[in-house]
Amino acid sequence: MKKLFGFIRRVKEWVEGYAEKPHAAWALFIIAFTESSFFPIPPDVLLIALAVVAPRKSFKYALICSVGSVTGGMFGYLIGKEFFEFVGRPIIEFYGVEGQYEKVRQLYQENAFAAIAVAGFTPIPYKVFTIAAGAFDISFATLVTASALSRSARFFLVATLFFFYGARIKVFIDRYFELLTIVFSVLLVLGFVIVRWVL
């Protein structure tokens with residue numbers, strides 16, 4: 001366990017060092033974009049690292065993250081609408097949520113806006129919902145509006161915390177980083193469990 005925690009700590013230091021580089025904002029945009037359609041790691045990881053290093057730029061990074069995520073959601077919608085059999089279905093199968101796909105359809109029939117908004121704000125895998133939105137022919141405007149509101153709320157909440165309490169939060173993160181990493185990982189896995197077993 002000590003070796004694992006040591007490795008996690010080294011990764012943290014590497015990410016913080018990377019966050020100070022000029023192209024870190026582009027990396028944040030790319031991660032946010034790809035996570036909305038196929039990439040498994042949420043952009044919150046790099047967003048938090050950037051906010052820790054430069055709390056006063058937190059809102060700028062949240063905006064970049066939000067724009068990247070929403071445009072990535074549009075790409076996921078395109079995958080579902082035009083390339084579902086070739087690209088969308090393999091992504092769904094990769095995450096092992098084929099059995100819940102019809103449940104997502106039901107959620108969309110009940111209230112597509114609410115379903116996308118909840119997926120956008122919580123650890124539930126957002127990519128499953130963006131791809132499904134295209135496949136089930138959900139209104140593109142509904143996807144974009146719900147995504148913009150929920151993803152922005154999520155990322156700007158993080159930015160607000162670091163903008164106003166950055167120094168104190170950084171001390172807390174530095175002290176309990178290993179534990180927080182484990183908790184965050186559990187929440188990420190829980191998101192996939194929710195889709196797979198609850199939906």
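This is a predicted model: local features need pLDDT of at least 70, side-chain atom pairs count only at pLDDT 80 or more; totals for chains, interfaces and linings use all residues.
Q: Which element of the protein has the highest mean pLDDT, and which the lowest?
A: The protein averages a pLDDT of 82, and 74% of its residues score at least 70. Among the elements, the highest mean, 95, belongs to helix H4 (residues 58-82). The lowest mean, 60, belongs to helix H1 (residues 2-19).

Q: What share of the contacts between residues at least 6 apart in sequence joins residues at least 24 apart?
A: A contact is counted when heavy atoms lie within 4.5 Å. Among contacts in the protein between residues at least 6 apart in sequence, those that join residues at least 24 apart make up 78%.

Q: How many of the 10 residues of helix H3 are buried?
A: A residue counts as buried when its relative accessible area is under 20%. In H3 (residues 44-53), this holds for Asp 44, Leu 46, Leu 47, Ala 49, Leu 50, Ala 51 and Val 52. Helix H3 is thus mostly covered, and the number of its buried residues is seven.

Q: How many of the 10 residues of H7 are buried?
A: The buried residues of H7 include Tyr 126, Lys 127, Val 128 and Phe 129. Thr 130, Ile 131, Ala 132, Ala 133 and Gly 134 are buried in H7 as well. H7 is mostly covered, and its buried residues number nine.

Q: Is Thr 130 buried or exposed?
A: Thr 130 has its place in helix H7 (residues 126-135). Its relative accessible area is 0%. Because the cut-off for a buried residue is under 20%, Thr 130 is classed as buried.

Q: Which residue has its backbone oxygen 3.0 Å from a polar atom of the side chain of Thr 130?
A: Beyond four places away in sequence, Thr 130 touches Ser 36, Ser 37, Gly 73, Gly 76, Tyr 77, Tyr 108 and Leu 143. In an α-helix, residues three or four places apart point the same way, because there are 3.6 residues a turn. The backbone oxygen that lies 3.0 Å from a polar atom of the Thr 130 side chain belongs to Lys 127.

Q: Which residue with a positive phi follows H7?
A: The phi in question is near 60°. The residue that follows H7 with this value is Asp 137.

Key. Residues are numbered from 1 along each chain as its sequence is written. Side-chain values use heavy atoms; hydrogens and water are left out. Buried means under 20% relative accessible area, exposed over 50%, partly exposed in between (1.4 Å probe, protein chains only). Helices (H or I, at least four residues) and strands (E, at least two) are DSSP runs, numbered from the N terminus. pLDDT is the predictor's confidence in each residue, from 0 to 100. A polar contact is a pair of N or O atoms within 3.5 Å; within protein, one must be able to donate a hydrogen and the other to accept it, and residues adjacent in sequence count only if both atoms are side-chain atoms.
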